[in-house]
Amino acid sequence: MTQAQTEPRTPKSHRSLPSALALLASVLFASGLVAGLMHAPALTGLGLRCAAIALLIPFALRRRSLLVWTFLAMLAGAELGVDAPAFAAQTHFVGDIFLRLIRMIVAPLIFGGIVTGIAGHNELRSVGRVAIKALVFFEVVTTFGLILGAVAIDLTQAGAGVTLPVVTKATAPAVHPQGWQQILLNIFPENIAKAVAENQILQVAVFALLFGAALATLPEPERMPLLKVLQSLTETMFRLTRIIMVAAPVAAGAALAYTVGSMGLATLLPLGKLLITCYVALSVFLLVLALILLFARIPVGRFAAAVAEPAALGFATTSSEAALPLAMEQMEEFGVPRWIVSFVIPTGYSFNMTGSSIYLSMAALFAAQAGGLHLTITQQIVLLATLVLTSKGIAGVPRATLVILMAVASSFQIPAAAVLMLLGVDTLMDMGRTAMNVIGNCLAAAVVARWEGELKVAAVSD
């Protein structure tokens, strides 16, 4: 008898019990949040939320998955933000430490992955072809996202009838619109050390491409010593990624605790219609991405399992950068070659902001509606074309979408106060659009690898 034959099977009812507990816990936690918003007795909401967390702990212990623990930490963080907002507002440093650790490994991870892929696997001829396919894919998907966001906000008219504040205390970041020449110039690093220090991942990727191409042209006796060092560096950085990701659930919980504690659940109410519109549009876009996967003959379920953890991490931390190393590792395990992963995903941070593209068109038209402007279809097309151009090359700018919105607003006479209103729910919408950015970049890597015939057979077979 084999081991599989001798081991007793777990009844289906037992296997489904943890899932049922997780579902029940989610319902209880949502009920606790609603009770808090409806001004029910404080102990009622607190009891429901604590009961939900208590039910999830056995589920988390049984699964021992990064995704499950991240979800549990997010609920615990939200609870801390609701009932201990003063303390929760002080937890931001935990997420900052995690982000610093992530930034520490991103540049060497990208550099090592691209160089070893090109120089170690003779992929020099494929680089240009992959770059063109990736850029075409990026532009098609992000343009569709802009159109979807515009259609969604035109249907809901979430900004219509909004009363703008007379005085707005919030201050917008400095706006520096860039021409296409400057955007192209910023792709190429003038100093690789400066590019690493400023976390310009696209510049690091370009340097790695050129370095890898140069290394590939050397005779093998001169190439192999450095190549072995870089291969060891890359493997070490992936191992370090796994070590750092142990802290991911704590960082996610702290980030959500800070958001809820500093803003409060009541911030959902004033701009709730826009928030709902944003997440419905993101959900529709997920269906579009699923159709792309089916068209490319990539298993949807397996891909969803691969991107679940990095997407959840991006959602909780509102940072695509935080999810980048884990996303690269997951897509490599999914079957995408390392050199394609290391090139396509970092490049997507500047050219494939799928979630941000939906938000940009939606937020711009919301601000126009709130400002009492009635843009014609032609004006909306011009606005979308402007967003397509101005949204490139700003991945390293904090709150980059707000910078773009302020630049576009001044060109279309949209009141700055209408854009600044978005600050109230920007973080809440940033969670969804960041998760979508992560999913979109992972999708791009898988699709490009499929087009190149490089996606491993084991990853696409049923």
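In which helix is leucine 210 placed? Leucine 210 belongs to helix H10, which covers residues 201-216. The structure described here is a predicted model.

## Overall make-up

The protein chain has 462 residues, and buried residues make up 49% of them. Its secondary structure comprises 22 helices and zero strands.

The accessible surface of the chain is about 21,700 Å², and carbon and sulfur atoms account for 67% of that area. Among contacts between residues at least 6 apart in sequence, 82% join residues at least 24 apart.

Along the chain, leucine 210 and isoleucine 114 are 96 residues apart, and their C-alpha atoms are separated by 9.8 Å.

Helix H10 also packs with helix H11, which covers residues 220-244. The two axes come within 10 Å and cross at roughly 145°. On the H10 side the contact is made by Phe211, Leu215 and Ala216, and on the H11 side by Arg223, Leu226, Leu227 and Leu230. By class, six of these residues are nonpolar, none is polar and one is charged.

## Helix H13 and its partners

Helix H13 spans residues 272-295, and helix H14 spans residues 300-317. The axes of H13 and H14 come within 12 Å and cross at roughly 145°, and the crossing is right-handed. H13 contributes Tyr279, Ala290, Leu293 and Leu294 to the contact, while H14 contributes Val300, Phe303 and Phe315. The contact of H13 with H14 has seven nonpolar residues, with no polar and no charged ones.

H13 packs with helix H17 (residues 354-370) as well, at an angle of about 145° and with the axes 10 Å apart. This crossing of H13 and H17 is right-handed. From H13, the residues in contact are Leu274, Thr277, Cys278, Ala281, Leu282 and Phe285. From H17, they are Thr354, Gly355, Ile358, Met362 and Phe366. The contact of H13 with H17 divides into eight nonpolar, three polar and no charged residues.

## The loop at arginine 297

Arginine 297 sits in the loop between H13 and H14. Arginine 297 is not a glycine, yet its phi is positive, at about 60°. Its relative accessibility is 58%, so arginine 297 counts as exposed.

## Nonpolar cores

In soluble globular proteins, nonpolar side chains tend to be buried together. In this model, the largest nonpolar core has 109 residues. Phe303, Met331, Val336 and Val344 are those with the most contacts inside this core.

Leaving aside residues up to four places away in sequence, phenylalanine 303 touches Leu293, Met331, Phe334, Ile439, Cys442, Leu443 and Ala446.

Serine 342 lies in helix H16, residues 338-351. With a relative accessible area of 1%, serine 342 falls under the 20% cut-off and is therefore buried.

Which residues does serine 342 touch, not counting residues up to four places away in sequence? They are Ile110, Gly113, Ile114 and Met328. One of these, isoleucine 114, is the residue whose C-alpha atom is 9.8 Å from that of leucine 210.

Note on methods. Residues numbered from 1 in each chain as written. Predicted model: local features only at pLDDT ≥ 70, side-chain atom pairs only at ≥ 80, totals over all residues. Heavy atoms only, no water. Helix = DSSP H or I, 4+ residues; strand = E, 2+ residues; numbered from the N terminus. Buried < 20%, exposed > 50% of the residue type's maximum accessible area, 1.4 Å probe, protein only. Core = buried A, V, L, I, M, F, W, Y, C linked by side-chain atoms within 4.5 Å. Contact = heavy atoms within 4.5 Å. Axes fitted to C-alpha atoms, helices over the stretch in contact; angles between N-to-C directions. Left-handed = near helix turned anticlockwise from the far one by under 90°. Nonpolar A, V, L, I, M, F, W, Y, C, P; charged D, E, K, R; others polar. Areas by Shrake-Rupley, 256 points an atom, 1.4 Å probe, with all protein chains shown as cover.
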